[in-house]
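Subject: Structure handover

Hi,

Here is the structure I promised to pass on to you. Have a look at it first, and then read on for what turned up.

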Amino acid sequence: MKKIDALLTWWSGADFSRRVAVITAMGAGIRLIWALLVGTDALSDGTIYQATSRNLALHGEYAVNLGDPFAYWAPGTSFLYALGIKVFGDSLLSFKIVNLIIGIFAIPIYAFLGRRWFGDVTGLLTGTLFAFWPTLIVGTSILASEVHYISVAGAAILAYKPGAGSFWRNSIASGSLFALACLIRPTALLILPILLVCDLIKTPSEWKRLASMGTVAALCMGLLISPWTMRNADVVGGPVLISTNGGTNLWMGNNPESTGGYMPLPPDIVGLGEIEREHILKERAVSFVTSHPLEAMGLVLKKLWLTHQRETWAVAWNRPGITNRFGSFANAPLKGIASIYWLGMFALTLVCAGQFVRKAFQTSSIVSGAMVLISPPLVLWAYNVAVHAIIVGGDRYHMASAPFVAILAASTIAPLINSARLAALINKGTE
């Protein structure tokens, strides 16, 4: 008991950064234990990441098969894995080390973002939710882009600090990190404009400062992404900003045979060039939506359901490693734990969103109500949800919005903790 009392005393006197450090250390320990226990196998998308990162690191070519470079996938994740191969050697261990390092950084990043938007308690709760998130722990031993995107996009948002610190440092840092996030997932292209618009609506008098920061950050993004765009022009013979799978993903979620999720490409476009294939599939998707609006709306609902109903993808992609270590029976319980954790946070987020809407309706005007709803984590969550309601759905696609789910869920729990603290102080004072 004395040790527990001493720990509680230390915790109550520690500042926010030290508390986050403790939470991060716990999350790092759990991930390290998982990494030591469970082996890594390249399944599904992991086979592509393994091939492209090895070819980048060892041969300087972004391609699945040497001599056949492509632009179908965004290259950011392969870049990070290739760097790991350069530093740690050509083995699956290097992929695991990269995942471990990047995944650990996500914990303090979102703890500090939670604090920025909702205060200390929410920040600490967000860090805790990230530290013990089953899928993020399991993600340490699979080859995937989700953990990388979450960490880099979060770091970019954290670096975005108009009016605080050095203008040039913040603008260049956020722009550079947003560029890397875009190279991992092109959907990150709109995050900076969303943040700028939110701030502009909230503080229109600061438009010059916001415009200046946005301009510098956007220029940094352009400068860092443009070499890849020029490389794509040489490889596929036309203008491609980052990747050539946007039209494909749109078609998967919007065609007469679509279930809302992944589906193989139609036989008649196999063998076509990447740009031609992209244009054809995009046109087919747009034609379907415009000519069958009711069916398209039904698919939107299907995609929302597919994206949010569970969270089992990481366990499924790590099935060989889990089976070898714990036996095949362990896969189902781990999927259940991951899904329950996700659904619990998602439910709390819906409660939080409902509270925002209620407060908006209680305001005196439409303008003031809209101001309530323009909260960055709420808007960014809605943006990421909308993206996959439009293109293609699946449980791993909610991971891009998961950090904002964690922050909103934490903000729902925080008042309960504050109330418990107040009650404890009152009871202590009456003893």
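This is a predicted model: local features need pLDDT of at least 70, side-chain atom pairs count only at pLDDT 80 or more; totals for chains, interfaces and linings use all residues.

Arginine 169 belongs to helix H9, which covers residues 167-184.

The axes of H8 and H9 are 8 Å apart, and the two helices pack at an angle of about 160°. H8 and H9 are therefore roughly antiparallel to each other, since the angle is over 145 degrees. Their crossing is left-handed. On the H8 side the contact is made by His148, Tyr149, Val152, Ala153, Ala155, Ala156, Ile157 and Ala159, while H9 brings in Asn170, Ala173, Ser174, Leu177, Phe178, Leu180, Ala181 and Ile184. Sorted by class, this contact of H8 with H9 holds 13 nonpolar and three polar residues, with no charged ones.

H8 (residues 146-159) also packs against H5, at an angle of about 40° and with the axes 8 Å apart. That angle makes H5 oblique to H8. The crossing of H5 and H8 is left-handed. The residues in this contact comprise 14 nonpolar, five polar and one charged. If you want to find the contact on screen, H5 residues including Ile102, Ala106, Ile109 and Leu113 meet H8 residues, among them Ile150, Ala153, Ile157 and Leu158.

Which residues have the most contacts inside the largest nonpolar core? They are Phe130, Trp133, Ile157 and Trp381, in a core of 110 residues. Helix H5 (residues 92-118) gives the most to this core, with 10 residues. As general background, nonpolar side chains tend to be buried together in soluble globular proteins.

Leaving aside residues up to four places away in sequence, tryptophan 381 touches Phe346, Thr349, Leu350, Ala353, Ser401, Phe404, Val405 and Leu408.

There is one further pair of helices to show you. Helix H14 (residues 293-308) and helix H19 (residues 376-390) have axes that come within 8 Å and cross at roughly 120°. H14 and H19 are therefore oblique to each other. H14 passes H19 in a right-handed crossing. Val300, Lys303, Leu304, Thr307 and His308 of H14 make this contact with Val385, His388, Ala389 and Ile390 of H19. By class, the residues in the contact of H14 with H19 are five nonpolar, three polar and one charged.

Finally, a backbone detail. Where does serine 44 lie? Serine 44 sits in the loop between helix H2 (16-37) and helix H3 (45-59). Its phi is near 50°, a positive value in a residue other than glycine. Serine 44 is partly exposed, because its relative accessible area of 44% falls between the 20% and 50% cut-offs.

Happy exploring, and do write back with any questions!

Best wishes

Key: Residues are numbered from 1 along each chain as its sequence is written. Side-chain values use heavy atoms; hydrogens and water are left out. A nonpolar core is a set of buried Ala, Val, Leu, Ile, Met, Phe, Trp, Tyr and Cys residues joined through side-chain atoms within 4.5 Å. Buried means under 20% relative accessible area, exposed over 50%, partly exposed in between (1.4 Å probe, protein chains only). Helices (H or I, at least four residues) and strands (E, at least two) are DSSP runs, numbered from the N terminus. Contact means heavy atoms within 4.5 Å. Axes are lines fitted to C-alpha atoms, for helices over the stretch in contact, and angles run from 0 to 180 degrees between N-to-C directions. Angles under 35 degrees count as roughly parallel, over 145 as roughly antiparallel, 65 to 115 as roughly perpendicular and the rest as oblique. A crossing is left-handed if the near helix is turned anticlockwise from the far one by less than a right angle, and right-handed if clockwise. Ala, Val, Leu, Ile, Met, Phe, Trp, Tyr, Cys and Pro count as nonpolar, Asp, Glu, Lys and Arg as charged, and the others, Gly among them, as polar.
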